[in-house]
Amino acid sequence: MQRKVIRQGHNTLTITLPSKWVQKNSVKAGDEISIEEKGMGLVIGSHNGKSIEWVEIDISDLDSQSLRRQIRSAYKLGYDEVKVNFSNDQTIEFKSNVPQKTLEAIYKEESMLVGMEIIEQGKQYCLLKDVSNSTMNDPSPILRRVFLLLDDSFQDLLQSIKNFDEGTLRTLDNKHDTVTKFITYYHRLLNKQGHSDYRKTAVLYLFINGLDMVADIIKYVGRDWLIAREKKPKKAFLDLLDAVYKDFRMFYQLYYKFDKNVIKELSKRRHDYMNYLNKEGKNMSPPELHVSTEMEQILQIIFDITDSIIAMTFH
């Protein structure tokens, strides 16, 4: 959209506001609007109340995970109301290969979306609405919470592998879901309001995606170890797990206290891990080698999203 700049008086330049935007935001003569500089652009906002963002999606014939992702994606993008249409009463949950009621899958996803509630339900549709007006002046506590939950999950994973604590291993799925809940909420906040420096919004989005992948790996390692049921893991294997956790702690602290020497140390430790795994891997059991390779992926993710931490230091 382009607007022609009009001169009024000696030193004043004006532009007209788009009529659709004016009507949508109920702007009238005499109202005050906000104007914010963002790089080469200007962001114009109205104080007359926020319009409702609405979307309609069709989840017919999808499995339970896929239909939940459809709803979650709409939530992440910042929609305030989501009408979910479906033509089939049942779906399939591929993990257990068991049929599941479509409404049950929808309600399960709703429980993962902060502030979202099902306010209307028909035979072949549901209407979800954000009843909390999801905004935060400072979303950083959400990210801190994600780090703390990941740290807690990491410690539980390591201790339960060392001592084969089956009960704790089984709780990792629930902890993963809690991490996902906060990460999804953080994605929503980024899409609805962004970072104060617009260039860092995409950087943070990639960063939180990386933390989401770390949460997934912790969950899958817990599941794999439950299947393996190894009760006396080798010292070399446990040393590798401890090394990954130490790297995660260094990375966590780096986000809040930047130090380029820590970046160098993380890079070195990643290569040390790979060299140690190549040396000791031949003496490990197949489950130990498999898990060690999975955990190596965490080091790669940390290495990749450290770029985001560096970018956040630029002003």
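## Terms and model

The expected span of a helix is 1.5 Å times one less than its number of residues. Helices (H or I, at least four residues) and strands (E, at least two) are DSSP runs, numbered from the N terminus.

This is a predicted model, in which local features need pLDDT of at least 70, side-chain atom pairs count only at pLDDT 80 or more, and totals for chains, interfaces and linings use all residues. Residues are numbered from 1 along each chain as its sequence is written, and side-chain values use heavy atoms, with hydrogens and water left out.

## Overall picture

The protein has nine helices and ten strands. Its C-alpha trace spans about 80 × 55 × 25 Å along the principal axes. Of its 315 residues, 41% count as buried (under 20% relative accessible area; exposed is over 50%, partly exposed in between; 1.4 Å probe, protein chains only).

Take contacts (heavy atoms within 4.5 Å) between residues at least 6 apart in sequence: 68% of them join residues at least 24 apart.

## Helix H2

Helix H2 covers residues 64-77. At 1.5 Å a residue, its 14 residues should span 20 Å, and its end C-alpha atoms are 20 Å apart, which agrees.

Which residues of H2 are buried? They are Ser64, Leu67, Arg68, Ile71, Arg72, Ala74 and Tyr75. Seen down the axis of H2, they fall within an arc of 155°, so they line one face of the helix. That arc is taken from the directions from the helix axis to the C-beta atoms. Arg69 and Leu77, on the other side of H2, are exposed.

## The ends of H2

Asp63 caps the N-terminal end of H2. One of its side-chain oxygens lies 3.1 Å from the backbone nitrogen of Gln65. Just after H2 comes Gly78, with a positive phi of about 105°.

## H2 against H5

Helix H5 covers residues 166-193. The axes of H2 and H5 come within 6 Å and cross at roughly 45°. Axes are lines fitted to C-alpha atoms, for helices over the stretch in contact, and angles run from 0 to 180 degrees between N-to-C directions. The two helices are therefore oblique to each other (under 35 degrees is roughly parallel, over 145 roughly antiparallel, 65 to 115 roughly perpendicular, the rest oblique).

H2 contributes Arg72, Tyr75, Lys76 and Leu77 to the contact. H5 contributes Thr180, Thr184, Tyr185, His187, Arg188 and Asn191.

## Leu241

Leu241 sits in helix H7, residues 235-256. Leu241 is buried, with a relative accessible area of 1%. Leaving aside neighbours within four places in sequence, Leu241 is in contact with Leu158, Ile161, Val291 and Met295. Leu241 and Glu296 are 55 residues apart in sequence, yet 9.3 Å apart in space, C-alpha to C-alpha.

Key:
Polar contact = N/O pair within 3.5 Å; in protein donor to acceptor, adjacent residues only side chain to side chain.
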